[in-house]
Amino acid sequence: MGPGDAELLTLKAMRVLRAAPVVAYPAPLKGSGLARQIVESVLSDGLYRIEIAMRMRFNLDRTSAQTAYDRGAAAIATHLAAGRDVAVLCEGDPLFFGSFAYILARLGDRFPVEIVPGVNSIAACSAVLQQPFALLNDRVVIIPASRPAAEIEDALVKAESTAILKVGRHWDKVVRVLDRLDLRRQAWHIERASQTGQQVRSLATVEATVERSSTYFSMILVYRRGERWLR
Ligand SMILES: C[S@@+](CC[C@H](N)C(=O)[O-])C[C@H]1O[C@@H](n2cnc3c(N)ncnc32)[C@H](O)[C@@H]1O
(Lines give C-alpha, C1' and ligand atoms only; values in the text may rest on other atoms or scores of the structure.)
Protein backbone atom coordinates (compact mmCIF):
# COMPACT_ATOMS: atom_id res chain seq x y z
CA MET A 1 0.00 0.00 0.00
CA GLY A 2 3.08 2.24 -0.06
CA PRO A 3 4.50 4.21 2.89
CA GLY A 4 1.41 6.22 3.84
CA ASP A 5 0.31 8.74 1.23
CA ALA A 6 -2.63 7.18 -0.64
CA GLU A 7 -1.30 8.80 -3.83
CA LEU A 8 1.67 6.43 -3.58
CA LEU A 9 -0.57 3.42 -4.14
CA THR A 10 0.16 1.94 -7.56
CA LEU A 11 -2.54 1.83 -10.23
CA LYS A 12 -2.39 -1.94 -9.99
CA ALA A 13 -2.89 -1.96 -6.23
CA MET A 14 -5.93 0.34 -6.66
CA ARG A 15 -7.44 -1.90 -9.34
CA VAL A 16 -6.94 -5.10 -7.33
CA LEU A 17 -8.26 -3.48 -4.17
CA ARG A 18 -11.39 -2.05 -5.77
CA ALA A 19 -12.27 -5.38 -7.36
CA ALA A 20 -11.79 -7.58 -4.28
CA PRO A 21 -14.92 -8.56 -2.35
CA VAL A 22 -12.79 -9.37 0.74
CA VAL A 23 -9.99 -7.29 2.29
CA ALA A 24 -7.62 -8.62 4.99
CA TYR A 25 -5.02 -6.66 6.96
CA PRO A 26 -2.90 -6.79 10.13
CA ALA A 27 -4.26 -4.56 12.89
CA PRO A 28 -3.61 -3.73 16.54
CA LEU A 29 -5.98 -5.03 19.23
CA LYS A 30 -7.99 -1.80 18.84
CA GLY A 31 -8.27 0.39 15.75
CA SER A 32 -7.55 -0.35 12.14
CA GLY A 33 -3.76 -0.25 11.66
CA LEU A 34 -1.69 1.66 9.15
CA ALA A 35 -2.27 -0.48 6.04
CA ARG A 36 -6.05 -0.15 6.38
CA GLN A 37 -5.80 3.60 7.13
CA ILE A 38 -3.80 4.19 3.95
CA VAL A 39 -6.61 2.84 1.77
CA GLU A 40 -9.49 4.48 3.65
CA SER A 41 -10.23 6.84 0.73
CA VAL A 42 -10.18 3.97 -1.78
CA LEU A 43 -12.50 1.78 0.29
CA SER A 44 -14.94 4.62 0.98
CA ASP A 45 -16.62 4.07 -2.38
CA GLY A 46 -19.91 2.83 -0.93
CA LEU A 47 -19.34 -0.80 -2.03
CA TYR A 48 -19.80 -3.52 0.59
CA ARG A 49 -16.68 -5.56 1.34
CA ILE A 50 -16.01 -8.23 3.91
CA GLU A 51 -13.10 -7.18 6.12
CA ILE A 52 -10.75 -9.48 8.00
CA ALA A 53 -8.73 -7.60 10.65
CA MET A 54 -5.88 -9.84 11.81
CA ARG A 55 -5.59 -8.44 15.33
CA MET A 56 -2.34 -8.82 17.22
CA ARG A 57 -0.08 -7.26 19.81
CA PHE A 58 2.81 -5.51 18.06
CA ASN A 59 5.60 -6.53 20.41
CA LEU A 60 8.71 -8.69 20.49
CA ASP A 61 6.82 -11.83 21.51
CA ARG A 62 5.73 -13.31 18.20
CA THR A 63 3.06 -15.60 19.71
CA SER A 64 0.22 -13.10 19.28
CA ALA A 65 1.24 -12.30 15.70
CA GLN A 66 1.65 -15.94 14.66
CA THR A 67 -1.77 -16.79 16.11
CA ALA A 68 -3.34 -13.83 14.29
CA TYR A 69 -1.74 -14.89 10.99
CA ASP A 70 -2.90 -18.51 11.53
CA ARG A 71 -6.47 -17.34 12.11
CA GLY A 72 -6.32 -14.76 9.33
CA ALA A 73 -4.97 -17.31 6.85
CA ALA A 74 -7.75 -19.74 7.77
CA ALA A 75 -10.41 -17.05 7.21
CA ILE A 76 -8.80 -15.99 3.93
CA ALA A 77 -8.65 -19.64 2.80
CA THR A 78 -12.39 -20.05 3.43
CA HIS A 79 -13.19 -17.13 1.12
CA LEU A 80 -10.73 -18.24 -1.56
CA ALA A 81 -12.15 -21.78 -1.50
CA ALA A 82 -15.61 -20.27 -2.03
CA GLY A 83 -14.33 -18.37 -5.10
CA ARG A 84 -14.03 -14.93 -3.51
CA ASP A 85 -10.79 -13.04 -4.18
CA VAL A 86 -9.09 -11.57 -1.11
CA ALA A 87 -6.89 -8.45 -1.19
CA VAL A 88 -4.31 -8.60 1.62
CA LEU A 89 -3.13 -5.13 2.61
CA CYS A 90 0.47 -4.47 3.63
CA GLU A 91 2.24 -1.20 4.39
CA GLY A 92 5.10 -0.34 2.01
CA ASP A 93 6.22 -3.22 -0.19
CA PRO A 94 4.70 -6.59 0.74
CA LEU A 95 7.99 -8.51 0.65
CA PHE A 96 10.28 -5.89 2.18
CA PHE A 97 9.97 -6.55 5.93
CA GLY A 98 6.30 -6.92 5.00
CA SER A 99 3.60 -8.71 7.00
CA PHE A 100 2.28 -10.26 3.79
CA ALA A 101 5.16 -12.77 3.92
CA TYR A 102 3.40 -14.54 6.81
CA ILE A 103 0.22 -15.03 4.77
CA LEU A 104 2.19 -16.10 1.70
CA ALA A 105 3.98 -18.73 3.80
CA ARG A 106 0.64 -20.12 5.00
CA LEU A 107 -1.37 -20.05 1.75
CA GLY A 108 1.06 -19.64 -1.14
CA ASP A 109 1.20 -23.34 -2.01
CA ARG A 110 -2.58 -23.81 -1.83
CA PHE A 111 -4.00 -20.87 -3.79
CA PRO A 112 -2.90 -18.70 -6.74
CA VAL A 113 -1.30 -15.51 -5.46
CA GLU A 114 -0.57 -12.26 -7.26
CA ILE A 115 1.87 -9.98 -5.46
CA VAL A 116 1.70 -6.26 -6.25
CA PRO A 117 4.99 -4.52 -5.41
CA GLY A 118 4.72 -1.27 -3.50
CA VAL A 119 6.74 1.88 -2.80
CA ASN A 120 8.92 0.91 0.16
CA SER A 121 9.88 3.13 3.07
CA ILE A 122 13.50 3.66 1.96
CA ALA A 123 12.25 5.03 -1.37
CA ALA A 124 9.84 7.29 0.52
CA CYS A 125 12.49 8.56 2.96
CA SER A 126 15.04 9.14 0.19
CA ALA A 127 12.44 11.19 -1.68
CA VAL A 128 11.71 13.28 1.42
CA LEU A 129 15.42 13.94 1.95
CA GLN A 130 16.10 14.44 -1.75
CA GLN A 131 19.25 12.32 -1.42
CA PRO A 132 20.07 9.29 -3.61
CA PHE A 133 20.23 6.13 -1.50
CA ALA A 134 22.48 4.41 -4.04
CA LEU A 135 24.58 5.47 -7.02
CA LEU A 136 26.95 3.63 -9.39
CA ASN A 137 28.96 1.07 -7.37
CA ASP A 138 27.88 2.22 -3.90
CA ARG A 139 27.51 -0.44 -1.26
CA VAL A 140 24.28 -0.03 0.73
CA VAL A 141 23.20 -1.72 3.93
CA ILE A 142 19.73 -2.04 5.43
CA ILE A 143 19.76 -2.97 9.10
CA PRO A 144 17.11 -2.96 11.84
CA ALA A 145 18.04 -0.83 14.86
CA SER A 146 17.32 -3.86 17.07
CA ARG A 147 20.59 -5.49 15.96
CA PRO A 148 23.58 -5.19 18.37
CA ALA A 149 25.49 -1.89 18.33
CA ALA A 150 28.61 -3.64 17.00
CA GLU A 151 26.70 -4.85 13.93
CA ILE A 152 25.27 -1.40 13.26
CA GLU A 153 28.75 0.07 13.58
CA ASP A 154 30.15 -2.53 11.18
CA ALA A 155 27.40 -1.74 8.64
CA LEU A 156 28.06 1.99 8.87
CA VAL A 157 31.79 1.57 8.37
CA LYS A 158 31.40 -0.64 5.30
CA ALA A 159 28.61 1.08 3.36
CA GLU A 160 28.28 4.33 1.45
CA SER A 161 24.59 4.47 2.51
CA THR A 162 22.94 2.80 5.47
CA ALA A 163 19.24 2.61 6.31
CA ILE A 164 18.61 1.87 9.99
CA LEU A 165 14.99 0.74 10.29
CA LYS A 166 12.65 0.22 13.25
CA VAL A 167 14.38 2.88 15.34
CA GLY A 168 11.76 3.07 18.14
CA ARG A 169 13.27 2.37 21.55
CA HIS A 170 16.74 1.78 20.02
CA TRP A 171 17.22 5.48 19.36
CA ASP A 172 19.82 6.05 22.06
CA LYS A 173 21.95 3.05 21.03
CA VAL A 174 22.03 4.21 17.39
CA VAL A 175 22.93 7.80 18.30
CA ARG A 176 25.83 6.54 20.44
CA VAL A 177 27.17 4.50 17.51
CA LEU A 178 26.90 7.53 15.22
CA ASP A 179 28.79 9.59 17.80
CA ARG A 180 31.54 6.99 18.05
CA LEU A 181 32.00 7.14 14.27
CA ASP A 182 31.53 10.93 14.10
CA LEU A 183 28.75 10.45 11.57
CA ARG A 184 25.98 12.55 13.06
CA ARG A 185 26.38 15.31 10.47
CA GLN A 186 25.79 12.73 7.74
CA ALA A 187 22.68 11.20 9.33
CA TRP A 188 19.00 12.10 9.13
CA HIS A 189 16.03 10.82 11.07
CA ILE A 190 12.79 10.56 9.09
CA GLU A 191 9.52 9.90 10.88
CA ARG A 192 6.33 8.90 9.08
CA ALA A 193 7.54 9.69 5.56
CA SER A 194 4.66 10.71 3.29
CA GLN A 195 2.19 10.52 6.20
CA THR A 196 0.47 13.20 8.25
CA GLY A 197 3.04 14.07 10.92
CA GLN A 198 6.05 13.56 8.66
CA GLN A 199 9.21 14.90 10.33
CA VAL A 200 12.80 15.14 9.16
CA ARG A 201 15.68 16.03 11.45
CA SER A 202 19.40 16.19 10.98
CA LEU A 203 21.08 14.11 13.69
CA ALA A 204 23.67 16.89 13.92
CA THR A 205 21.14 19.06 15.76
CA VAL A 206 19.68 16.39 18.04
CA GLU A 207 20.73 16.26 21.67
CA ALA A 208 22.69 13.03 21.98
CA THR A 209 22.82 12.69 25.71
CA VAL A 210 19.09 12.64 26.32
CA GLU A 211 17.83 9.07 26.55
CA ARG A 212 14.75 8.93 24.34
CA SER A 213 12.92 6.83 21.83
CA SER A 214 11.41 7.46 18.44
CA THR A 215 8.24 6.30 16.75
CA TYR A 216 8.28 2.81 15.24
CA PHE A 217 7.54 4.28 11.79
CA SER A 218 10.88 5.99 11.47
CA MET A 219 14.34 5.33 10.11
CA ILE A 220 17.78 6.86 10.15
CA LEU A 221 19.54 7.27 6.81
CA VAL A 222 23.31 7.72 6.92
CA TYR A 223 25.39 8.79 3.94
CA ARG A 224 29.16 8.46 3.70
CA ARG A 225 29.35 8.98 -0.07
CA GLY A 226 29.45 12.76 0.15
CA GLU A 227 29.49 14.45 -3.25
CA ARG A 228 31.27 11.51 -4.93
CA TRP A 229 29.70 10.53 -8.30
CA LEU A 230 27.47 13.60 -8.33
CA ARG A 231 29.56 16.18 -10.21
C1 LIG B 1 7.83 -3.84 9.42
S2 LIG B 1 8.80 -2.67 8.53
C3 LIG B 1 7.75 -2.43 7.14
C4 LIG B 1 8.51 -2.02 5.92
C5 LIG B 1 7.58 -1.83 4.72
N6 LIG B 1 7.01 -3.09 4.28
C7 LIG B 1 8.32 -1.18 3.57
O8 LIG B 1 8.22 -1.66 2.43
O9 LIG B 1 8.99 -0.18 3.79
C10 LIG B 1 8.53 -1.23 9.46
C11 LIG B 1 9.71 -0.28 9.39
O12 LIG B 1 9.77 0.34 8.11
C13 LIG B 1 10.12 1.71 8.26
N14 LIG B 1 9.00 2.52 7.76
C15 LIG B 1 7.86 2.07 7.24
N16 LIG B 1 7.10 3.08 6.81
C17 LIG B 1 7.77 4.21 7.07
C18 LIG B 1 7.51 5.59 6.85
N19 LIG B 1 6.39 5.98 6.27
N20 LIG B 1 8.44 6.49 7.25
C21 LIG B 1 9.59 6.10 7.84
N22 LIG B 1 9.89 4.80 8.06
C23 LIG B 1 9.00 3.87 7.69
C24 LIG B 1 10.36 1.98 9.74
O25 LIG B 1 11.75 1.84 9.99
C26 LIG B 1 9.55 0.86 10.36
O27 LIG B 1 10.06 0.55 11.65
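Predicted model: local features only at pLDDT ≥ 70, side-chain atom pairs only at ≥ 80, totals over all residues.
Q: Which helix and which strand each supply at least two residues of the shell around the ligand?
A: The shell comprises 20 residues, and Ser 121 and Ser 218 are among the closest. The elements that each supply at least two shell residues are helix 6 (121–129) and strand 8 (218–223).

Q: How many residues of the shell around the ligand are charged?
A: The shell has 10 nonpolar and 6 polar residues. The remaining class, the charged residues, numbers 4.

Q: What share of the ligand's accessible area does the protein cover?
A: A ligand nitrogen atom is 3.1 Å from a polar backbone atom of Pro 3, and a ligand oxygen atom is 2.8 Å from a polar backbone atom of Lys 166. An oxygen atom of the ligand is also 2.6 Å from an N or O atom in the side chain of Ser 121. Of the 560 Å² of accessible area that the ligand has on its own, the protein covers 95%.

Conventions: Residues numbered from 1 in each chain as written. Heavy atoms only, no water. Near = heavy atom within 4 Å. Polar contact = N/O pair within 3.5 Å; in protein donor to acceptor, adjacent residues only side chain to side chain. Areas by Shrake-Rupley, 256 points an atom, 1.4 Å probe, with all protein chains shown as cover. Helix = DSSP H or I, 4+ residues; strand = E, 2+ residues; numbered from the N terminus. Nonpolar A, V, L, I, M, F, W, Y, C, P; charged D, E, K, R; others polar.
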